[in-house]
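Subject: Structure for you to look at

Hello,

Here is the structure you were expecting, with the sequence alongside. My notes come after it.

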Amino acid sequence: MSHQITLTDDEYEALAEAAAARGQPVEELVREMLAERFPAVQSNSPQPHGSLVEAMWHAGHLSNLAPRTPDTPEVAAERKRLAGSITPGKLASEMVIEDRGPR
């Protein structure tokens with residue numbers, strides 16, 4: 001279930017600026033603010049991830065959704081390092097074909 005509230009232009013502009021400063025959508029900022037103010041209230045609806053993942057969640061194929069938070073620079077660098085350390089310069093599809101062996 002979803003509900004709507006009415007904000008003045010100034011109120012929405014202030015929220016939009018705060019959300020932009022954090023690099024997140026206005027809706028996500030409002031949810032965070034509500035969670036801080038009213039900790040007993042938990043949202044049962046998933047955050048939007050994309051049509052396929054959301055459809056799978058609604059169909060019951062996924063039990064939960066990971067939060068959509070951007071990686072920190074350290075995490076992004078570590079992921080890049082790990083991806084490059086597997087086999088530098090090779091595509092995953094090439095490695096799979098090699099692992100299959102002769103036909």
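The average pLDDT of the protein is 80, and 86% of the residues score at least 70. Where pLDDT is low, the predicted coordinates should not be read in detail.

The protein has 5 helices and 0 strands, so the order of elements from the N terminus is α-α-α-α-α. Of its 103 residues, 8% are buried. Taking the contacts between residues at least 6 apart in sequence, 3% join residues at least 24 apart.

The pair to look at is α1 and α2. Helix α1 covers residues 9-22 and helix α2 covers residues 26-37. Their axes come within 9 Å and cross at roughly 95°. Angles of 65 to 115 degrees count as roughly perpendicular, and α1 and α2 are therefore roughly perpendicular to each other.

Which residues of α1 and α2 meet? On the α1 side they are Y12, L15, A16, A18, A19 and R22; on the α2 side they are V26, L29, V30, E32 and M33. By class, this contact has 9 nonpolar and 2 charged residues, and no polar ones.

Regards

Methods:
Residues are numbered from 1 along each chain as its sequence is written. This is a predicted model: local features need pLDDT of at least 70, side-chain atom pairs count only at pLDDT 80 or more; totals for chains, interfaces and linings use all residues. Side-chain values use heavy atoms; hydrogens and water are left out. Axes are lines fitted to C-alpha atoms, for helices over the stretch in contact, and angles run from 0 to 180 degrees between N-to-C directions. Helices (H or I, at least four residues) and strands (E, at least two) are DSSP runs, numbered from the N terminus. Angles under 35 degrees count as roughly parallel, over 145 as roughly antiparallel, 65 to 115 as roughly perpendicular and the rest as oblique. Contact means heavy atoms within 4.5 Å. Ala, Val, Leu, Ile, Met, Phe, Trp, Tyr, Cys and Pro count as nonpolar, Asp, Glu, Lys and Arg as charged, and the others, Gly among them, as polar. Buried means under 20% relative accessible area, exposed over 50%, partly exposed in between (1.4 Å probe, protein chains only). pLDDT is the predictor's confidence in each residue, from 0 to 100.
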